[in-house]
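Here is a short briefing on a protein structure. Look at the sequence and the 3D view first, then read the points below.

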Number of protein chains: 2
Amino acid sequence: MKVKGKNYRTVWMEGSSVFMIEQNLLPFKFEIFEAKKYFDTCFAITTMIVRGAGALGAAAGYAMAQVFLEAPEEGRDEFIAQARFDIEATRPTAQNLFYAVKRVYKAGKHSVEQAVAEANKIADEDAEDSRSIGLYGNELIKKNAKIATHCNAGWLAFVDFGTALSPIYMAKKEKKKIFVYVDETRPRSQGARLTAWELKNARIPHIIIPDNATAYLMAKGKIDMMIVGADRIVANGDTANKIGTLGKAIAAYEFGIPFYVAAPTSTFDLGTKTGNRINIEERNQDEVIYQTGMDRNGNIATVQVTSPGSRALNIAFDVTPSKYITGFITEKGVITPEEDLIREIATKDE
Amino acid sequence: MKVKGKNYRTVWMEGSSVFMIEQNLLPFKFEIFEAKKYFDTCFAITTMIVRGAGALGAAAGYAMAQVFLEAPEEGRDEFIAQARFDIEATRPTAQNLFYAVKRVYKAGKHSVEQAVAEANKIADEDAEDSRSIGLYGNELIKKNAKIATHCNAGWLAFVDFGTALSPIYMAKKEKKKIFVYVDETRPRSQGARLTAWELKNARIPHIIIPDNATAYLMAKGKIDMMIVGADRIVANGDTANKIGTLGKAIAAYEFGIPFYVAAPTSTFDLGTKTGNRINIEERNQDEVIYQTGMDRNGNIATVQVTSPGSRALNIAFDVTPSKYITGFITEKGVITPEEDLIREIATKDE
């Protein structure tokens, strides 16, 4: 996507360096982080300079390619094995990361050049899948549509285009008139920070709303459709996504508003039957208790926004039963949330 | 309610001074503001040192009583008329304020003592109504109940006890084991700040949750009932309350969880037929864009928490259709949301 007139991906490789948009500084500053060695790329993953399923996978693939570039002749195998372990330890719950590391590791057995080529291929595939999701999703967007979204499933979470936001970018490209309601997405406010930044950057009309306002806007007929991303979609269509997705899906269902989940088919987990089997991560309460932002002097500062001495519960994701979902927008097309169709599309060759 | 072992109301009068808990400093500091003259009380209302329907009414009544105490012999009537105008101009949308000013104004025509007595009576009635709501509401709370609430409808919003929190205080008094989920209530975070402060102060087990988490906790069977306050309840039971109430009511309905609205019968507006007729206030976007809290040095600081250059929409209230409401808890008893019952209870003498 373009930033200040120049095309960027969230992560890319030039020579032996991996470059990433420094997402910890967004939305307040746009800077590029250069990881000269694989260990710098690991640092970027751990400190969330790069985040989001697709972007993480690509970054990990590039890190593995760096390992082959850096490996000394003496003790080469030990170096590579240890480095692979380092990369895999950065975010041990990110499936894409393991998948990418494995692919580049295999390619690297043939040659260093093949490792780099494979890492680039992983990034390209991610961008291409996102682009396809956008093309399919755009067909669902009517002229003058008012679209709600939750969290950030934009290009910052992938290599390019994103998932939930990709159809919106494609609609914009076609000069379709659209308007986006951006859920703040407490506690980490990825909507208010990243999605709003993306949309402003792409000059797409939008407004930030507190998460509390979505249901009322739906009741008042202000929202025509909702598109969100997914962390995991199980065999029956139940979908794990950022906390808050469920409440908004129920409200959409109640008011008859189409509710779409946009995700690459790699997000489907056919081995898990229903959403009840999904383990939900609980994160540190400090993400609820403190808020970081830009103070009046332009410095990043942190303030406590809750009553001192009270604890907070920080559940990272929720599970939306498939009955509330209108359809899945994938890189292979759009399907309704039916077990047969999910199995078919998830296993189909492109 | 007790704070540090001493009984407080949110607002009270001693001699010619009106005292108020300085709510702008909560939850970080507990201080009492003394308004020596009626004009200081107006200042306290305007700057939200005192807020909440019941507390505002009492403060305005006391301000009017101060006017009679302060009025000079020469030009007495003009002084009183001008001062009444000043008080009414502080928060022109607060119905309780006009009601209280009118009552004290009438009483003051007889004597200054009667004006002060009437102001005290208004405060006493508010506290007594809240107490009754607590007694009736407590009958609905089962042992080991996990109760969710939204915003702050506690004693800080009234003279004492509150509405949604009053049943919880009564349950605690009876040593019933309960647990409260406190919705953060973005954008002004009255839940995370005021309700959490109240519950911690009353030693009631609770935890703050982002507004996004309520539906999922309901789906997981973690919430047994929900009690919220109300800004206005119209003839058919549709209820205006803090933004976010609607989404939570729909989720509660979906999962079969009792959803109660606690409010004095003065909140019923029989002249308005349905919720569609309620005008909803839109507030300044800065309440969404900026967050104020305590920085690491213990100072109050403000940070921007959204992407610079993106606008935000700040709708203050929403309207929950009566079909999602299990019952109204009033000072005269509990009723289901039926038009006949609403009319009967709203017009019944106590």
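The accessible surface of chain A comes to about 14500 Å², and carbon and sulfur atoms hold 48% of that area. Accessible areas come from the Shrake-Rupley method with a 1.4 Å probe, and for residues only the protein chains shown count as cover. This is a predicted model: local features need pLDDT of at least 70, side-chain atom pairs count only at pLDDT 80 or more, and totals for chains, interfaces and linings use all residues. Residues are numbered from 1 along each chain as its sequence is written, chains are lettered from A and ligands numbered from 1 in the order in which they are written, and side-chain values use heavy atoms, with hydrogens and water left out.

**Overall build of chain A**

- Chain A has 11 helices and 18 strands. Both are DSSP runs, numbered from the N terminus: helices are H or I with at least four residues, strands are E with at least two.
- The radius of gyration of chain A is 20 Å, close to the 20 Å that the globule rule gives for 350 residues, so chain A is as compact as a globular protein of that length. The radius is taken over C-alpha atoms, and the rule is 2.2 Å times the number of residues to the power 0.38.
- Along the principal axes, the C-alpha atoms of chain A fill a box of roughly 70 × 55 × 40 Å.
- Of the 350 residues in chain A, 61% are buried. Buried means under 20% relative accessible area, exposed means over 50%, and partly exposed lies in between (1.4 Å probe, protein chains only).
- Take the contacts in chain A with a separation of 6 or more: 71% of them join residues 24 or more positions apart. Contact means heavy atoms within 4.5 Å.

**Charges**

- Chain A carries 44 positive and 44 negative side chains. Lys and Arg count as positive, Asp and Glu as negative; His and the chain ends are not counted.
- The centres of the two sets lie 7 Å apart. Each charge is placed at NZ of Lys, CZ of Arg, CG of Asp or CD of Glu.

**How the two chains relate**

- Two copies of a chain are related by a rotation about an axis and a shift along it.
- Here, a rotation of 180° with 0.0 Å of shift along its axis superposes chain B on chain A (RMSD 0.0 Å). That is the relation of a two-fold axis.

**Backbone details in the loops**

- A cis peptide bond joins A:Arg186 and A:Pro187, with omega about 5°. A:Pro187 sits in the loop between β7 (178-183) and α7 (190-201) of chain A.
- B:Arg186 and B:Pro187 are also joined by a cis peptide bond, with omega about 5°.
- A:Phe161 is not a glycine, yet its phi is positive, about 65°. Its place is the loop between β6 (145-149) and α6 (166-173) of chain A. A:Phe161 is buried, at 15% relative accessible area.
- B:Cys151 is not a glycine and has a positive phi of about 60°. B:Cys151 lies in the loop between β6 (145-149) and α6 (166-173) of chain B. It is buried, at 10% relative accessibility.

**A buried helix residue**

- B:Ile133 lies in helix α5 (residues 112-138) of chain B. B:Ile133 is buried, at 0% relative accessibility.
- B:Ile133 and B:Ile329 are 196 residues apart along the chain, but their C-alpha atoms are separated by 6.1 Å.
- Neighbours within four places in sequence aside, B:Ile133 has contacts that include B:Thr163, B:Ala262, B:Pro264 and B:Ile329.

Note on methods
Copies are superposed by least squares on the C-alpha atoms of residues with pLDDT of at least 70 in both.
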